[in-house]
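Biologist: I have a model open and want to learn how to read its features. Where do we begin?

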Amino acid sequence: MDKEFLENRLNVNRRQFLGKLSLGIGSVALGSLMVPDLFSKGDSMAAGLPLGLPHFAPKAKRVIYLFQNGAPSQLESFDFKPKLREMHGQDLPESVRQGQRLTGMTSGQDRFPLVGSKFDFQQYGNSGAWVSELFPHTAKVVDDICFIKTMHTEAINHDPALTFMQTGAQQGNRPSMGAWMSYGLGSENQNLPSFCVLLSRGPGNGQGVYSKLWTNGFLDSIHQGVQFSNSEDPVLYLGNPAGRDKASRRRMLDKLSELNSQNYASFGDPEINTKIKQYEMAYRMQTAVPELTDLSQEPEHIVRMYGPDCLAPGSYAANCLLARKLSEAGVRFVQLYHQGWDQHGNLVGEMAQQAQEVDRPTAALLTDLKQRGLLDETLVIWGGEFGRTNYCQGNLGKDNYGRDHHPRCYTIWMAGGGVKPGITYGQTDEFGYNIVENPVHVNDFHATILHLMGLDHEKLTYKHLGRRYRLTDVAGKVVKGVIA
Amino acid sequence: MKLFYSVVSNAVFAINLLLIFFLFVEDQVMVPEWLQAVGRMHPMLLHLPIGFLLLLALLPFVKKHLPEPSFYQMHLFVLALGSITAALTALMGFFLARESGYNGELVDQHKWAGIVLSWLTYGLFVWLKGQQKVSRLFQFGLAANILVLLIAGHLGAGITHGEDFVLAPLQNEKPAITAATPVYEALIVPVFQQKCFSCHNESKAKGGLVMTDIKKFRKGGDTGVPFTAGDHAESLLIERLELPLETEEHMPPEGKPQLTEAEIDLLRNWIAQGADMTIPIRDLPDDSPLKLLAMEQIQAAQAELEVAYDFAPASTAVIEELNIPFRTVTPIAQGSPALRAAIFIRETYEKEFLADLLKVRDQLVDLKLDHLPIEDDELEVIRKFHRLEKLNLNNTDLSGKGLEVLADCGELRSLSLSGLPVDTSITATLRGLPRLEELFIWNTALDSVGIRALIHAFPAIDIQSGYQPEAKELLQLSPPVVKRMDNLEGREEIHLKHNFPGAVIRYTVDGSEPDSTDAPIYEGPIAPSQYAVVKARAFRENWLGSEQVTATFFPKSIPIREAKLLTSPNQKYTGSGAPGLIDGKKGFANNFQSPFWIGFRKEAFEALFYPEDPAIPISTITLSYLQNIGSYIMTPMNIEVWGGPDAGNLRLIRKFNPQLPEKYLPNEVRGLDIRIPASTFACYKIVARPLPSLPAWHQGKGDPSWVFLDEVYFYNDASQALIPEGTEGISSLNNTGAASK
C-alpha cells in the first residue's frame, strides 16, 4: 500500500503537469516581452547572418587603394611647410626631433640640415587645399578629397611599415585589409575575385612588394588577393586552349568538381572546397574578364582623361583604368601598388617623374568614378607607408637632395565612399616633423575604413590559435572627423 | 520572550530619544571615525525595516490558517524587529548625514521622514504589545506607517541615485540639439548627468561640489575651483579624472561608472576652448574639435529623425533563390529589410534576371544595371520597383526615351544615366522625380549648352556631367605592344598590338624610322627571314604619333655541333650550361633567374663553339645578352673572338670594347654583333669580360658587374646584308621585376 502512495506522489498527474506547464509558458512569455524580435518575422532576416553583410548600412561599397609604395614625400606633395624654406640648410633643432630614432641610412650623419620643398605650393578649390606644382591634376579635384596630414606609424623601414599598413601587424602573418573586407562583406560580383591586386612601377628608386601583403593570413584562402598580371592579359591563361570550346571545358569542370567532392568527403579539408569554388569562378571569369579589358565600350576621351599611358598594360594609368572597371564590376577591394617612391637621394628629379606618372590617372580615376555616380559608394585611398624627413639625407646639393624615412607624420588622402569631401584633417608642426592636432594611427585608419564599409572593427573578428583577431587587433578608433 | 520585548521596547525608546536629542544639537555633533563606519552601513541596514514592515502588511494573507494567538505573536515579533532596525537605521543615517557632502532639501526631508518612521513604528509596537490581538485599527496604523516608509525610502533613493532616478527612463524627451544650443548643454551636461550629478547635486554635494548649478559649479568644492578656463592641464576636474583608478582622489570613485577616454577628451577640449557655458555651437571656430563633435551630435539627432525602413522584409528563401552568380541581392545591412541588387556580365544577361527581382519589389532600394543590354521595354519592369532610391543605368542599351515612367519610382534620390543617348527631353523625367538629389549624365547626347540649361532648370539636383575633353590638347599615343610568339611551325613571330581602337601601327625592318605615311601598316605577325630590328610606332587621328618601339629579331643561327664552357658561371646562375647557348631559346628581360640565362661576374665568360659544317663561312657572331643595370647586369666590357682548327690551336681574330651604358636604361635583351673576316674555322672561342668596377654614377660604384647571356648566334654574309655597321639589336621586352638592392 505504501508503495502505491509513493508512486502516486512520484507520478505527476495530467492536471498538475498542465498547470506547471502553463506557469512555465507564462513566465517564458513574460520574459519574451523583453526580446522584441523573438517571435516576429521568424523566417526572415534574423540576426543569423553575421558575415557577408555590413553591420550597419554603409556609404562605401567598394575600396580602391592606390598604394604609393616607397613613401612619397609629404613635404613635396600636400603638406606645405614654408618654415623649412626659411630655415633651409639650418640644423633640425633637437627640441623638435626629441630623440626620434633614425634609420641606419642617416644615423651616421653629423648634422641634419632642414630642407625646404624645391617645388612651389598653391591653394586650390573651394577648400583651399595646398598642393604642390607636381600634382596639377590632383589639384583640380581637391574639393572631392579629404587630406589626412597626421598619419603616423610605428615602423621605420619599408617592409614592416608596408606590412603594417596592409595587415595591421608588422610581421606579416595576418590577413590583409582586402581579405578582411572579403571575409566581412563577401563578394559583390561572384564572377570576379572580391580582392584584386594590381602592380606597377615608376622610374624612381623602388622597393619590392610581396604576396604576403595581400595574403588571406589565417582566413579562408578564398579571401586571398588575386594578383593581376601587368602584361597585356591581366589574367593569364584565361582563354580556352585551341580546340577546346566552352562546353567541353564545362564538362571537364563538372567531372573535376565531382572528384574533388569525393576527396572532400574522405578528407574534409576545407581547402578542397575553396579549390572547387575557385575553379568555378575561373570559369565564369572567362566571360567576365574580357568585358573588363575591352576598351571598345569606352569613349576616346576616357583615354585622354587617364592619359595615353593607360593603353600600356602594366602602367599605373592602365591600372587606374582597370581598377575603375573592376570596381564598377563589383570587386570589393582593388589594391594597387605603384613602386618607386623611395627618394633617399635625387628627390627632385625622381619625385617629379613619379608624380607625373601618377597625377593624371589618379585625378582621372576620381573624375571617372564621379561621373558614373560611383564615387559616393567607392572609397579611394592614396598614400604611402610613412613620410619622409624634413632634413636632408646625404649631401644637401644646390639643386637636389634626399629625404629619409619618417614615421611620425605623413599625409594620405581619401575620397568618396562617405568621406567628408574638401577637408584637411589633422595638423603637423611648422617643421613638418611632429603632429600638433588630431593624430591618426594606422589602427585608427583601419578602423575608419572598416567603418566606412559598414563594419564595426571591434566586431569583425576571426578566431585563430585560441583567440579572436581583428584587423585593428586591440587598438584603433574610428576617426569621426573625416566621415561625412 | 517577554524579556526580549521589553529589552527591544526600551532600546528603541532610547534610540528614538537620542535621535530627538541629536536633532536639537545637530550642528554640534562630531561623529567619531569609528562611528562613521557604522553610519556608512545605513544604505545596507535600511533594507531590513523595509522588509519587516512589508512582511507585516502581508501577514493577513495567512490569517485563516493560523489560530488567533499565533497570528498575534507573529505580528508582535516582526514588529519588534521592525522597530529596532528602523531606529538603528535612522541613527546610522543621521551619522552618515553628518559627513561632508550631504546637505540640501532632499537630505533634510529624508531625515525627518526617517525619524517620523522610527517613532511611528515604535508607537505601533508599544500599542500592539498592550493588546491581545491584531485589531483592525492596528492595521490602519500599519498602513500609515508603510506610507511613511515609502516616502522615506523614495527620498533616500533620490539622494543616492539622483532625483527622478526611477522615472527617468520614461522622461526621455531630450531637447533637440541645434546649432543654437549652447555647447555646454549639448555636449558637457549629458556627460555630467550620467557620471557626476548623482554625487554632486544640491542635495548631495560630495566634497562640497555642486555641479548641477552653473554658479555653484564654477565656485567649486572644498578643494578648489574645478577648472581654469583655457587650461585643461591646470584644471582640477581633469586632474581628478586622470588620476589612477586606485587613488583615493580619483573621480568618479572606484566602482562607479567611469568616464570614457572620449568623454575626458571632450571635457579637455571644452576647457581648452574657454569652458564657456553659454556659447552656442554655431559660434565655435570651424576647426575646433569641439565643434566637430557637436556637429556630430546634431547629425546624429537628425539621423534619428530620418525614418528607418519599416517595411516588411523579404523571406530569406526568396533572397537566397535570387542570388545566382550573375545577380547579387543583399540586405543593405544586417537586420535591415531594404535590399540592394546588382546584375553583372553583359554576355550572359537574360531578361529574367531583372524580371525575377520583382519578387522583392517591395524591398529593393538600390539597383545597379550598368553595362547590361537593358532595352527600353524593360523600363516597364524597373518602374515597378517603387521603393528605389538609387538606380544605375550607365552604358545600358536604353535609347534614353521613355524614361518618364521612372516617375513611379518616387523615392529615387540618385539616378545614373552616363553613356546613354539622353537628350534635353530628360527634363520631363526629372520633373516626375521630386526627391531626386543626384543625376549623372556624362557622355550623353547632351551638349554643354543642354547641360547648362538642365543645371539651371533643376537647381536642387546635383547634376554631374563629368569630364569634357579639351579638344585642343594634343596627347601622345602610347607605343604599340610587342609580343614574341611561336607560330604553329615553331618559328618565332613578332606580334604588334595597340589597345586603342582606331590606332594604326606602322613598322620597318630595315633599320629606318617608321613614319606616318610610307612605312607599312601592320596587319599580321612579322617573321623576317633574317636578323632584323623591327621598329614600330602607333598613329591615330588627332593624336601625336607614339614613340618608337624596337624589337630584335634573331633568325636561326648557322648550326653549331657543340658548345663547351671553359670557365664556370656563377653558381647561382648556371642556366642550362653550354648547350643552352645554342638551343635557340631566348631569355626574358624581366627574369634573369630563369634557366635561359647564364651569368658571370668575377670570372670572364669563355666558351668554345664547333660549327656542324665548318665549310660555311662565318662573318658575324651575335651575343644575345641582358641589360638590367639596376641589378648590376651590364654590357660586357671586352670581347675577344679566337679561331682555329681545334681548341689547342686558336688565334685571336677580333678583339673590341663595346660601348657601355652611361646611365640607367630600361631592362632589355640586346644583341651584340661581332664582325669578323669571313672564316671557316672548325673551332671558335669567345671571351666576354664583365666590367670589374661599376662607374661612379651607378649605385654599386666600384663593385664588379655581371654579364648574362642566353644565346650565341653565328651568321654568314648573306644573313648580315641588312645590318648597318655597329647596330645593336634592342628588344622591347620591358622588365617589371624588382631591382635587387
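Predicted model: local features only at pLDDT ≥ 70, side-chain atom pairs only at ≥ 80, totals over all residues.

Biologist: What is the secondary structure of chain A?

Modeller: Chain A holds 13 helices and 17 strands. Chain B has 18 helices and 21 strands.

Biologist: How do I read burial? What percentage of chain A counts as buried?

Modeller: Burial here is a neighbour count: 20 or more other C-beta atoms within 10 Å make a residue buried. In chain A, 52% of the 484 residues pass that test. In chain B, buried residues are 37% of 741.

Biologist: And contacts? In chain A, what percentage join residues at least 24 apart, among contacts between residues at least 6 apart in sequence?

Modeller: For chain A the share is 76%. For chain B, 68% of contacts between residues at least 6 apart join residues at least 24 apart.

Biologist: Now a sheet. What holds strands together in general?

Modeller: Backbone hydrogen bonds pair the strands of a sheet, in parallel or antiparallel fashion. Chain B gives a case: an open sheet of 4 strands, ordered S14-S21-S16-S19, with antiparallel pairing.

Biologist: Which strands of chain B are the edges of that sheet?

Modeller: Strand S14 (598-600) and strand S19 (668-679) of chain B. Each pairs on one side only. From one strand to the next, the twist averages 35°.

Biologist: Over how many bridges do S14(B) and S21(B) pair?

Modeller: Over 3 bridges, in the antiparallel sense. Strand S21 of chain B spans residues 707-715.

Biologist: Which residue in S21(B) is the bridge partner of B:Ile598?

Modeller: B:Leu709 is the bridge partner there.

How values were computed
Residues numbered from 1 in each chain as written. Chains lettered and ligands numbered in written order. Helix = DSSP H or I, 4+ residues; strand = E, 2+ residues; numbered from the N terminus. Buried ≥ 20, exposed ≤ 12 C-beta atoms within 10 Å, placed from the backbone. Contact = placed C-beta atoms within 7 Å. Pairing = 2+ DSSP bridges. Axes fitted to C-alpha atoms, helices over the stretch in contact; angles between N-to-C directions.
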